[in-house]
Amino acid sequence: MIRHALARLEHRVNEAQEELGPLRISGLITEVTPTSARVAGLSPFLKLGDCVSFGAGDLSQLAETVRIEAQGATVKSFHSMALARTGERVYYAGGLRLFPDQSWKGRVINALGVPLDAGGPLRRGTKAANLEAAPPAAMRRARVQTPLKTGVRVIDLFTPICSGQRIGIFAGSGVGKSTLLSMLAGSRDFDTVVIALVGERGREVREFLDDALAINRPLTVAIVATGDEGPLMRRLAPKTAMSIAEYFRDRGESVLLIVDSITRFAHAARDVAMAAGELAVARGYTPSVFGELPKLLERAGPGEEGQGAITGIFSVLVDGDDHNDPVADAIRGTLDGHIVLDRAIGEQGRFPAVNVLTSISRLAQTAWTPEQSNLASKLRALIARYEDTRDLRLMGGYRQGSDAELDQAVVLVPRIYEAITQSSSSAPSKDAFRELTEFLQAK
């Protein structure tokens with residue numbers, strides 16, 4: 001008897017669900033500001049990072065929870081708060097999920113994983129990628145041991161890169177940062193290239209993808225969040241790129257990850273934190289920014305034994321050419337090396353405008369042979385002597401023959417500068433040390 005009654009009750013519940021449709025947890029918008037909205041009724045069901053949706057049809061918007069209180073939650077839209085209205089119903093949507101697939105190579109997507117090209121819908125992978133994944137455990141990570149050839153002579157000579165290394169390109173605006181990244185993106189030493197263009201001008205996106213990535217385009221997944229998009233999209237784009245890179249790394253592939261620029265990620269993270277009520281502590285940056293940066297950067301690098309590796313190249317836009325900017329300083333301390341682009345060198349017409357005296361690769365000794373290490377040290381010493389005496393020579397205080405080392409620097413360093421000058425249209429270097437030797441001997 002009881003069994004029949006339960007069966008009838010279950011049948012009635014199923015009928016009611018079919019009539020009402022799927023049950024959804026909802027709340028109401030109680031306050032709207034230009035940067036966020038206040039939602040009542042959802043706090044018990046939310047955790048930080050969860051998403052909610054509001055609107056309907058083509059006007060549907062997705063927002064992220066950035067602050068939770070007992071009386072209500074603060075949410076920030078991935079697009080715009082202009083369509084939010086007080087009294088409008090908001091639905092719980094859970095956390096963001098991404099399902100990368102091998103077929104994503106050659107595609108261009110936004111930070112939410114929505115295709116931006118004409119390639120049709122993306123194929124859904126079988127396993128969800130965690131956008132906030134933890135880096136591999138330190139003691140289970142493989143060691144960085146395999147040198148790479150970037151094809152850029154000044155880098156291969158003075159700041160060599162290894163597979164699984166994380167290195168930053170530090171530069172002010174207009175010093176050739178994007179051009180150098182485009183040269184590095186053409187490297188043939190990788191199975192997959194993942195590029196996050198964060199806060200870039202919309203005009204530059206097509207140029208970068210069509211020109212700089214012409215060779216590696218079939219191997220590339222590009223994630224684009226242009227400067228006109230909201231801070232949530234710009235903050236999410238590097239995390240999406242990192243999750244996709246981790247998917248290919250876990251398949252045993254060697255992945256090149258380029259993020260241009262990590263500074264705009266920091267700017268976006270600051271905007272989101274301030275919308276949540278966090279106070280600034282260092283030149284306008286909130287404390288959570290300095291927590292998010294290492295969490296993201298540490299995810300790049302070698303995987304566990306038997307997996308592939310993510311070689312991370314992160315461009316750092318130095319505000320006002322101040323290389324001691326808090327964000328630049330925090331990033332420099334986390335990475336395995338830094339390449340500094342100097343505006344004065346660019347003004348001399350030498351590109352890439354790399355300052356070899358202030359640039360360093362912490363894994364150079366792994367990439368160099370003992371002979372190459374010795375030669376690079378001698379070249380760096382000659383350049384240092386040449387630059388330190390520039391003012392003296394300009395004032396006429398230098399006499400040839402009075403200092404043999406300086407005489408050698410005055411003769412060789414201009415030739416070295418000429419040898420390491422390289423444009424994006426030049427053929428990639430195949431053996432930088434041999435090419436430098438041949439160039440100096442030919443002179």
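**View 1. Lining of the largest cavity.** Leu 148, Lys 149, Thr 150, Ile 161, Leu 184, Ser 187, Phe 190, Leu 256, Thr 311 and Ile 313 line the largest cavity. The model is predicted, with local features requiring pLDDT of at least 70 and side-chain atom pairs counted only at pLDDT 80 or more, whereas totals for chains, interfaces and linings use all residues. Residues are numbered from 1 along each chain as its sequence is written, and side-chain values use heavy atoms, with hydrogens and water left out. On a 1 Å grid over the protein atoms alone, a cavity is a set of points where a 1.4 Å probe fits but cannot get out, and lining residues have an atom within 4 Å of a point. The space in the largest cavity is about 70 Å³, a volume being the space filled by probe spheres set on grid points that are joined across faces, edges and corners. Its lining divides into six nonpolar, three polar and one charged residues (nonpolar: Ala, Val, Leu, Ile, Met, Phe, Trp, Tyr, Cys and Pro; charged: Asp, Glu, Lys and Arg; polar: the others, Gly among them).

**View 2. Lining of the second largest cavity.** Two cavities of 30 Å³ or more are found in a search of the whole structure. The second largest cavity holds about 30 Å³ of space. Val 154, Arg 350, Phe 351, Pro 352, Val 354, Tyr 417, Ile 420 and Thr 421 form its lining, with six nonpolar, one polar and one charged residues by class.

**View 3. The largest pocket.** A pocket is an open set of grid points with protein on both sides within 12 Å along at least five of seven lines. The volume of the largest pocket is about 910 Å³. It is lined by 39 residues, of which Thr 179, Ser 182, Met 183, Ala 212 and Ser 424 are the closest to its centre. At least two lining residues each come from helix H3 (177–185), strand S11 (192–200) and helix H4 (202–212); helices (H or I, at least four residues) and strands (E, at least two) are DSSP runs, numbered from the N terminus. H4 gives the largest share, six residues. The lining has eleven nonpolar, 16 polar and twelve charged residues.

**View 4. The second largest pocket.** This pocket contains about 500 Å³ of space. Among its 21 lining residues, Leu 48, Gly 49, Glu 64, Glu 132 and Arg 235 lie closest to the centre. Strand S4 (61–69) and helices H5 (231–250), H6 (262–275) and H7 (287–297) each contribute at least two residues to the lining. By class, eight are nonpolar, four polar and nine charged.

**View 5. Packing of H5 against H6.** The two axes come within 8 Å and cross at roughly 130°. H5 is therefore oblique to H6 (under 35 degrees counts as roughly parallel, over 145 as roughly antiparallel, 65 to 115 as roughly perpendicular and the rest as oblique). Axes are lines fitted to C-alpha atoms, for helices over the stretch in contact, and angles run from 0 to 180 degrees between N-to-C directions. The crossing of H5 past H6 is left-handed (near helix turned anticlockwise from the far one by less than a right angle; right-handed if clockwise). Pro 231, Leu 232, Arg 234, Arg 235, Pro 238 and Lys 239 of H5 meet Arg 264, Phe 265, Ala 268, Ala 269, Asp 271 and Val 272 of H6, contact meaning heavy atoms within 4.5 Å. These residues comprise seven nonpolar, no polar and five charged.
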